[in-house]
Amino acid sequence: MIDSWQILRVGACRHPEAMTLKGGHWCPVSFPALVGLIRHRTFGPILFDTGYDDRFFAATEPLPERLYRLATPVQFDSADSLPVQLARLGLTPDDIAGVFVSHFHGDHVAGLSNFPKARIVCAGEGLKRIRAGSRFGRVRKGLLSALLPGDIDGRAAFFEAMPRVRLNNDMGPFTHGADVLGDGSLIAVELPGHCPGHWGLLIRPEGGKPVFFIGDAAWSIAAVADNRPPPAITTALLGETATYRRTLSALNTVSQTGAVELIPSHCEVTAAKWL
Ligand SMILES: [Zn+2]
């Protein structure tokens with residue numbers, strides 16, 4: 001049972017709009033890092049991703065990891081860290097019962113170590129990739145293994161191993177998801193293409209519209225509405241362009257009925273609507 005949900009803005013990064021939208025301009029634009037806070041009646045508060053954190057700067061201090069910081073300049077103020085924002089809402093880090101990881105890019109998991117008691121729900125494939133290959137190879141893919149909590153193996157549960165459930169018609173053409181808690185309240189839905197192991201989270205709050213946190217499957221709500229992908233050079237760098245575009249088209253279909261609220265992780269319009 002989901003009592004409520006909200007989003008929080010935990011830092012931002014800047015890069016040219018044309019990297020994220022075909023035909024966009026080349027001036028740097030600010031992209032917020034949005035985090036979901038979902039209150040489950042019995043399980044407790046759950047986060048959708050963590051946004052930026054001071055740990056991001058520590059992890060990107062040495063080379064080659066510093067290249068990540070240079071490629072996407074980050075705006076982050078410790079006074080607005082996720083633990084500080086949660087404290088304003090009356091929550092301590094230990095109160096967080098779970099963290100849903102959409103994928104393991106640095107801007108989504110930088111604060112993961114702030115929540116030592118949380119169960120971590122993620123794609124096994126994503127966790128595998130952040131540990132594989134060379135340091136340079138990982139940085140090129142936006143992966144910073146220093147951000148992983150040391151005890152993650154003992155706390156992680158994988159979407160791939162969770163019970164598969166059929167989705168309601170309002171989510172078509174998506175047909176199936178993974179039942180995260182086993183009570184149908186949190187459904188992980190694979191959104192392939194952005195990077196290996198990229199999943200969104202569907203919630204159906206009590207008496208409200210369903211909400212689908214779509215992570216980086218789209219850079220903005222306008223990109224979903226117009227079915228307008230980033231240029232192939234961006235999607236090919238991190239994931240698979242054809243797969244990304246198929247996922248974006250499916251999200252475009254979901255968006256057309258207006259029955260499900262879509263929340264992209266880096267959309268300024270979404271931030272303005274809900275913050
Ligand atoms: Zn991201």
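Cis bonds, positive phi and the core

A: This is a predicted model. Start with P64, which lies in the loop between α1 (54-59) and α2 (66-71).

Q: What is the peptide bond from L63 to P64, cis or trans?
A: In general, most peptide bonds are trans. Here the bond from L63 to P64 is cis, with omega near 5 degrees.

Q: Where is P173 found, and what is the omega of the bond from G172 to P173?
A: P173 sits in the loop between β8 (164-166) and β9 (176-179). The bond that joins G172 to P173 is cis, its omega being near 10 degrees.

Q: Why does D49 count as buried?
A: The cut-off is 20 or more other C-beta atoms within 10 Å. D49 has 27 C-beta neighbours inside 10 Å, so D49 counts as buried.

Q: What is phi at N227, and is N227 buried or partly exposed?
A: Phi of N227 is positive, near 50 degrees. N227 is in the loop between α8 (221-225) and α9 (232-238). N227 is partly exposed because 16 other C-beta atoms lie within 10 Å.

Q: Which residues touch the most other members of the largest nonpolar core?
A: They are V99, I214 and L262, in a core of 75 residues. Strand β1 (residues 2-16) gives the most to this core, namely seven residues. Beyond its neighbours within four places in sequence, V99 is in contact with L47, T50, L112, F115, A118 and I120.

Note on methods. Residues are numbered from 1 along each chain as its sequence is written. This is a predicted model: local features need pLDDT of at least 70, side-chain atom pairs count only at pLDDT 80 or more; totals for chains, interfaces and linings use all residues. A nonpolar core is a set of buried Ala, Val, Leu, Ile, Met, Phe, Trp, Tyr and Cys residues joined through C-beta atoms within 7 Å. A residue is buried if 20 or more other C-beta atoms lie within 10 Å of its own, exposed if 12 or fewer, and partly exposed in between; C-beta atoms are placed from the backbone. Helices (H or I, at least four residues) and strands (E, at least two) are DSSP runs, numbered from the N terminus. Two residues are in contact if their C-beta atoms, placed from the backbone, lie within 7 Å.
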